[in-house]
Amino acid sequence: MTARPSPAPERPTRDVLLTCPLDCPDACRLKVTLETGADGVERMAKVTGDPDHLTTRGFACAKTVHYPARQNHPDRPLYPMKRVNGELVRVSWEVALDEIAANLKGILERSGPQAILRYNYAGTMGLREGTHVHSFFRSLGACELDETICASAGTAAWELGYGPRYGVDMPDVPHARTIILWGINSLSTNSHLTPWLTQARKNGAKIWHIDPYRNRTSRFADTHLRLKPGTDTALALGLVREIVAHSWHDAAYIAQATQGFEAFQQAAEPYTLARTAELTGLSVEEIAELARAIGQSGPTYFRVGYGMTRHENGGTALRTVSLLPAVTGDWKRRGGGCTLSTSGAFALNRSRLGAAYLVKPDARHINMNELAGALAPDAGIEALFVYNTNPAVVAPDTTRVRSGMARPDLMMVVLEQAMTETALLADYLLPATTFAEHADLYTSYGHHSLGYNPATLPAPGEARPNSWVFAELGKRLGLDTPELYWSMDELLAALLDTEHPHLAGITPERLKAEGSVPLNLPDEFLPYAHGAGTPSGKVMFTPVPEYVPVQAQLTAEYPLRLITPPAHHFMNSTYGNVAYLNRAEGNEPQVMVHPQDAERYGVRDGEHATLSSEQGQVTRRVKVTTDVQPGVVVVEGTWWGLSAPDGQSINALTAPTLTDLGGGSTFHNTRVRLSPG
Ligand SMILES: Nc1nc2c(c(=O)[nH]1)N[C@H]1C(S)=C(S)[C@@H](COP(=O)(O)OP(=O)(O)OC[C@H]3O[C@@H](n4cnc5c(=O)[nH]c(N)nc54)[C@H](O)[C@@H]3O)O[C@H]1N2
Ligand SMILES: Nc1nc2c(c(=O)[nH]1)N[C@H]1C(S)=C(S)[C@@H](COP(=O)(O)OP(=O)(O)OC[C@H]3O[C@@H](n4cnc5c(=O)[nH]c(N)nc54)[C@H](O)[C@@H]3O)O[C@H]1N2
Ligand SMILES: [Mo]
């Protein structure tokens with residue numbers, strides 16, 4: 001008889017609760033299982049959801065369950081590295097920091113602070129490691145980065161109509177009877193909304209999805225309206241006309257809480273059902289039925305996403321759509337209204353966050369969508385610091401971004417947790433800690449709880465928080481801005497130093513003890529029931545939105561519209577190196593093509609095809625499907641180049657064209673042609 005193999009020794013584990021740091025409205029409370037290895041060191045072993053958190057409700061999404069794979073990834077940078085003869089080689093922190101500081105001093109003397117640029121986004125949503133660290137750059141007087149890649153068009157649009165961004169509290173959603181998911185793939189990108197939608201449906205609600213292609217959310221919805229990309233303003237104006245024609249608008253609410261309705265209504269007049277149908281590609285019946293649902297089967301809850309903003313006319317689109325519940329007075333009713341973001345409810349005292357007060361009126365501003373241009377040889381940037389983002393993959397026009405990064409006269413410093421394609425281009429690569437290894441405070445743009453994480457796991461190797469790195473550089477440069485050297489406790493105290501009722505009773509001690517603390521909202525949270533946070537105190541229908549078709553019209557040379565939205569298993573580019581997104585594992589990005597277009601352009605299912613835009617070209621595997629409409633192609637997910645057959649990011653095709661409001665990105669608005677091979 002052979003001896004039975006002895007079972008693997010039981011490793012001690014314990015569970016901790018931590019807020020997910022990733023750029024997602026759900027800002028979940030995660031149950032993280034830590035395991036002590038044979039070396040006596042604790043590591044992250046498993047991630048699920050906190051069953052007691054109001055919106056997380058015990059489940060972690062399809063992406064965050066993979067966090068341990070990136071946390072413990074074999075390629076994770078653990079030591080400072082410096083480029084020597086083209087190769088990244090290990091150096092000590094002393095050497096890296098001393099050299100970076102010396103180079104900065106040289107640049108400051110030679111060219112001044114405006115030759116220095118930070119490039120960051122929301123890889124962590126932590127206020128300390130994400131935002132407060134900008135104190136370093138503001139102390140120097142460096143370029144101010146306008147953080148426009150994602151939410152700025154939507155924010156600018158919302159602010160015109162309503163002022164600060166408030167939304168419907170998720171637990172109120174089951175009170176709605178008509179739900180419209182508009183320009184958002186919420187089942188993938190806001191998945192903790194789904195249980196509330198399901199509950200609403202059980203209560204009798206009907207769910208609509210308005211999106212140019214069929215995805216998970218369309219399949220979940222009762223009705224999917226597959227409109228032409230970039231035509232939302234026309235659809236919203238058509239709905240206004242129809243609602244008013246049937247007197248389904250709320251004259252009392254309009255009179256009391258809004259301003260400019262008459263002009264708005266006149267602007268909608270030309271948008272008859274027939275004209276709206278022609279512009280949007282929808283049928284007259286579909287539009288009429290939607291108007292009737294909004295007008296007669298409320299409360300109506302609109303969940304709008306940033307998707308519709310990612311076109312040249314996208315700010316106006318979001319603005320017009322978000323004004324619909326002000327026409328119907330849905331803001332007065334529980335479950336009615338519209339959510340773009342709940343972030344305005346987090347009324348923290350941000351006056352010293354990131355030392356923003358240091359930004360001078362004449363500071364040089366760089367719009368982050370225009371990074372490619374900012375890195376051009378003649379644009380005057382000599383030092384680039386990248387943290388919390390992966391621009392070699394996610395910024396528009398990545399070919400020019402990458403060649404700018406490779407400029408020999410540019411010092412590029414990258415703070416990273418992963419060996420990204422941006423990190424691989426660094427002159428100095430500095431290993432960063434993750435949310436389990438540093439303390440931070442988190443707000444949310446989907447729910448209404450603050451989250452606090454203590455530093456829980458030991459930092460592996462020589463990984464350090466961003467805040468540590470910038471404080472060390474600050475010392476070396478003799479900077480004396482107090483915020484740059486604040487501890488977590490000092491930052492917490494400053495942020496909570498406010499009389500705002502939403503934060504009443506929330507102290508640093510309570511946050512630390514409870515970890516997740518709901519804002520102190522009124523029992524019935526109806527933020528725009530009586531007006532808005534605009535200068536007039538009213539919801540503003542003026543300036544009147546105008547439907548302007550996208551400028552980059554389709555042509556014989558570029559006959560297709562390319563949309564590049566988030567994919568279900570992705571969190572932007574964060575998981576790009578884990579096995580299931582890896583080409584080595586047989587996974588690669590696909591371009592979804594309608595059968596008619598496949599035939600017209602001679603491409604076949606499962607084969608490679610070339611997509612060409614005015615910016616560049618990429619190779620992708622073709623998936624022929626009626627999920628897309630003719631004339632539109634879709635590539636889901638910002639895959640790392642390493643997963644693509646040609647090593648290129650999809651953003652080799654996208655342009656730095658800006659939106660009409662807020663200087664935002666236009667990722668879903670690229671015209672392309674498709675050819676075999
Ligand atoms: N074609 C196309 N492109 C897009 C989009 C699209 O829809 N289509 N979406 C756009 C949008 S909306 C966004 S928000 C951007 C997002 O794009 P990114 O900002 O690149 O995405 P993330 O995955 O959020 O974060 C990137 C990096 O932050 C790092 N990171 C996380 N925490 C920390 C930390 O504490 N310290 C340091 N130093 N690093 C950290 C992670 O390791 C990760 O590599 O992409 C944009 N690009
Ligand atoms: N699974 C997953 N979740 C994520 C992310 C991820 O990468 N993966 N990223 C996170 C981030 S940073 C963000 S900003 C959010 C974004 O989450 P969403 O707001 O859902 O994503 P968007 O890119 O804004 O696109 C949403 C939808 O808009 C559609 N769309 C494109 N053009 C138009 C149009 O003209 N009109 C209309 N009505 N719809 C249009 C797209 O087809 C897409 O289905 O998701 C967050 N959550
Ligand atoms: Mo985003």
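Analyst: Domain bounds here come from an automatic or database domain assignment. The model itself is predicted. With those bounds, domain 2 (81-149 + 355-518) and domain 4 (560-676) each give at least three residues to the shell around ligand 1.

User: What makes a residue part of the shell around ligand 1, and which come nearest?

Analyst: A residue counts as near if one of its heavy atoms lies within 4 Å of the molecule. Around ligand 1 there are 29 residues, and Arg-70, Glu-416, Thr-564, Thr-574 and Asn-651 come nearest. By class the shell holds eight nonpolar, 17 polar and four charged residues.

User: Which domains supply the shell around ligand 2, and which residues are closest?

Analyst: Domain 3 (168-340) and domain 4 (560-676) each contribute at least three residues to that shell. In total 34 residues surround ligand 2, the closest being Thr-189, Asp-211, Asp-232, Gly-307 and Phe-570. The shell divides into 17 nonpolar, 12 polar and five charged residues.

User: How do you know that Lys-63 makes a polar contact with ligand 2?

Analyst: A polar side-chain atom of Lys-63 lies 3.1 Å from a nitrogen atom of ligand 2; the limit is 3.5 Å, so the pair qualifies. His-311 has a side-chain N or O atom 2.9 Å from a nitrogen atom of the ligand. A polar side-chain atom of His-668 lies 2.9 Å from an oxygen atom of ligand 2. Taken alone, ligand 2 exposes 900 Å², of which the protein buries 97%.

User: Why is the second largest pocket said to lie between two domains?

Analyst: Domain 3 (168-340) and domain 4 (560-676) both give residues to its lining, so the pocket lies between them. The second largest pocket has about 490 Å³ of space. Its lining has 23 residues, with Ala-567, His-568, Gln-590, Lys-623 and Glu-636 nearest the centre. Helix 8 (216-220), strand 23 (590-593) and strand 25 (617-624) each supply at least two lining residues.

User: Which element gives the largest share of the lining of the largest pocket?

Analyst: Helix 3 does, with three residues. The largest pocket has a volume of about 980 Å³. Its lining has 32 residues, and Tyr-121, Thr-131, Glu-147, Arg-165 and Arg-350 are the closest to its centre.

User: What makes a space a cavity, and how many are counted?

Analyst: A cavity is a set of points where a 1.4 Å probe fits but cannot get out. Five cavities of 30 Å³ or more are counted. The second largest cavity, with a volume of about 100 Å³, is lined by 13 residues, and Cys-20, Cys-24, Cys-28, Cys-61 and Thr-64 lie nearest its centre. That lining comprises nine nonpolar, two polar and two charged residues.

Terms used: Residues are numbered from 1 along each chain as its sequence is written. Chains are lettered from A and ligands numbered from 1 in the order in which they are written. This is a predicted model: local features need pLDDT of at least 70, side-chain atom pairs count only at pLDDT 80 or more; totals for chains, interfaces and linings use all residues. Side-chain values use heavy atoms; hydrogens and water are left out. A polar contact is a pair of N or O atoms within 3.5 Å; within protein, one must be able to donate a hydrogen and the other to accept it, and residues adjacent in sequence count only if both atoms are side-chain atoms. Accessible areas come from the Shrake-Rupley method with a 1.4 Å probe; for residues, only the protein chains shown count as cover. Ala, Val, Leu, Ile, Met, Phe, Trp, Tyr, Cys and Pro count as nonpolar, Asp, Glu, Lys and Arg as charged, and the others, Gly among them, as polar. On a 1 Å grid over the protein atoms alone, a cavity is a set of points where a 1.4 Å probe fits but cannot get out, and a pocket is an open set with protein on both sides within 12 Å along at least five of seven lines; lining residues have an atom within 4 Å of a point. Grid points are joined across faces, edges and corners, and a volume is the space filled by probe spheres set on the points. Helices (H or I, at least four residues) and strands (E, at least two) are DSSP runs, numbered from the N terminus.
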